[in-house]
2 protein chains.
Amino acid sequence: MRVLIALGGNAMTAPDGSARQEHQRAAITEAMEPVADVVAAGDQVVLTHGNGPQVGNLLVKNELSAAVVPPVSLDWCGAQTQGTIGLLILNALDAALARRDRPARVAALVSRTLVAADDPHFAAPTKPIGRYLPEPEARVMVEHGQTWQDRGERGWRRVVASPEPIESLDAPAAAALLDAGYVVTCSGGGGIPVVRDPDGRLRGVEAVIDKDLTAAVLARQLGVDALVIATDVEAAVVGFGTPDARAIGAVTVDRLRALAADGNFAGGSMGPKVEAACRFAEAGGRAVITSLHHLGPALRGGAGTVVTY
Amino acid sequence: MRVLIALGGNAMTAPDGSARQEHQRAAITEAMEPVADVVAAGDQVVLTHGNGPQVGNLLVKNELSAAVVPPVSLDWCGAQTQGTIGLLILNALDAALARRDRPARVAALVSRTLVAADDPHFAAPTKPIGRYLPEPEARVMVEHGQTWQDRGERGWRRVVASPEPIESLDAPAAAALLDAGYVVTCSGGGGIPVVRDPDGRLRGVEAVIDKDLTAAVLARQLGVDALVIATDVEAAVVGFGTPDARAIGAVTVDRLRALAADGNFAGGSMGPKVEAACRFAEAGGRAVITSLHHLGPALRGGAGTVVTY
């Protein structure tokens, strides 16, 4: 079986959300244990991951050093996090596989996601990222070409485009590595966003891509049997926060979309995961929303929200 | 023929050494033209690259934001530059290959280089990196665990270990991609330095590795036919800066080492290139020191310093 596992923030940062270097290392070291169990069971594994808090730290550095070193664009921030998170995954997975007497065949790709230059999100960026700043500091960043919005009492906040992922441009390289027996990390942070200019050239752009939506695209391109969207709960929940809350187990795309339309899933958290799961299931695959702690049972159908067409 | 090309600073920054984002993009776009010619001629190509000015910029960001975001270690800086430089190479090479009617099969690996935990350079770091700072600012960084030295009038400067590269841990993944027809970027910036702890775990460390010495190691591991160390001159020169200066063409390791012992090559620039070339030639390979402009002729023996055993 070929499995794509999309790691969420809780697999990569401290419980309080801290993305300090040592906290990222500790979280990823822990996350690679259940992942290594899946590899040891004989499945082919592809990993992808988020990068929100990590990019947040890079943006702070951009701001505080703007007078000395020009800020780098969001595609570069994404590329930087693929390097650091890739490194942590490589080392942690190497150790976890060694303890299971598996040869260490791990690889991490710098990887790009194609988006449309005319994606409507570019004209009206809405995705808030990074920290709030007082107006004068925000205006310095505006002079560097960024879009910031006045959010009232808390200050100004940067908003960026979050375009639709079309294609993981480096999925073929990931497939070649999978075929050669590697556990591959690809499309981290949703992939580095690039557009294709009229002359055919690829160019990185100022955007962030939802990592779960990219995971659904990558899962299709790699023909995986199961897409696992790892989060901090065992399953998606209907009536979350009410006395009638109950976990969703096996579910069809139609049923899950109906539940989404009824407002069961929050826009910034479970919503995109449910949407990504539905897209992959519509394409004929099996999508699972669960926690890394339930990864093994979920892949055997014994835990998690399992979405099929 | 399988060729490893090590790109130097001039292939990646502006002529004045600027590593601004747009200058890096322009330099790499230009550098990928002769590289694409080699690929189009039917050779298998592996790329590696330096990252000195790029890490310099990241260190400035570390310093200026240290009060808000903890500085990240040098292994992380290296990983970050593998992401951004890898991105630039992927996009530029994609375009250059497309114009030559080659399918775009390019890949960039997050890649680590093993060094010895007891490498003597760790006990006595001597490699200066980053910018000079006034003493009070340098002391802030010392509090974060870094080593800085008083360099007199210009201020304080950070020194780090530059240990010997032992093994490119991700060379097998690069080999798998080469076998699948990819042009692969690997071990950028000399590779992310890691040590193996007594319990077997790999761990990133505060160090920088000479990119040409790592290139020689990677060249051996990948069994390349030719290692090209690309620099800004057509060939290494004897009597540089004197009326008797003359370019070195075909040369044996013994002869080149004798010239090095006579002090013909500067420690910080041509010296490590000559040493890396000698190491690879001693291992039975052919090493070429030349400029990207002379890449094609040099591979056919018609230009550059060509070192054999």
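Let me begin with one residue pair: A:Ile129 stands opposite A:Arg158, which belongs to strand 7 of chain A. Strands here, like helices, are DSSP runs numbered from the N terminus, with at least two residues of type E for a strand and at least four of type H or I for a helix.

Before I go on, a word on the source. This is a predicted model, in which local features need pLDDT of at least 70 and side-chain atom pairs count only at pLDDT 80 or more, while totals for chains, interfaces and linings use all residues. Residues are numbered from 1 along each chain as its sequence is written, chains are lettered from A and ligands numbered from 1 in the order in which they are written, and side-chain values use heavy atoms, with hydrogens and water left out.

The pair I named lies where strand 5 and strand 7 (residues 156–160) of chain A run antiparallel, joined by 4 bridges; two strands count as paired if DSSP finds at least two bridges between them. These strands belong to an open, antiparallel sheet of 3 strands in chain A, in the order 5-7-6. Strand 5 (127–133) and strand 6 (148–150) of chain A each have a single partner strand, so one side of each is left without a neighbour in the sheet. From one strand to the next, the twist averages 35°.

Chain A also has an open sheet of 4 strands with mixed pairing, ordered 8-4-10-11. At its edges stand strand 8 (167–168) and strand 11 of chain A, each with one side lacking a neighbour because each has a single partner strand. Within this sheet, strand 4 (residues 112–114) and strand 10 of chain A are parallel and joined by 3 bridges; A:Thr113 has A:Pro193 as its bridge partner. Helix 3 of chain A lies across strands 10 and 11 of chain A, at about 135° to strand 10. Such angles run from 0 to 180 degrees between N-to-C directions, with axes fitted to C-alpha atoms, for helices over the stretch in contact.

I turn now to the interface. How many residues of each chain are in contact with the other? The count is 54 residues of chain A with 54 of chain B, contact meaning heavy atoms within 4.5 Å. The buried area is about 4,400 Å², and carbon and sulfur atoms give 63% of it; this is the accessible area (1.4 Å probe) lost on putting the two parts together, summed over both. In chain A, A:Lys61, A:Trp76 and A:Val110 lose the most area to chain B, together 17% of what that side buries.

There are 2 salt bridges between the chains, defined by a side-chain nitrogen of Lys or Arg within 4 Å of a carboxyl oxygen of Asp or Glu. A salt bridge links the side chains of A:Asp94 and B:Arg196, at 3.9 Å from N to O. Helix 3 of chain A gives the most to the side of chain A that touches chain B, namely 14 residues.

Finally, chain B. Strand 17 (residues 305–308) of chain B runs parallel to strand 15 (residues 250–252) of chain B, with 3 bridges between them, and B:Thr252 has B:Thr308 as its bridge partner. Strand 16 (residues 286–291) of chain B pairs with strand 17 in the antiparallel sense, over 3 bridges, and there B:Ile289 stands opposite B:Thr305.
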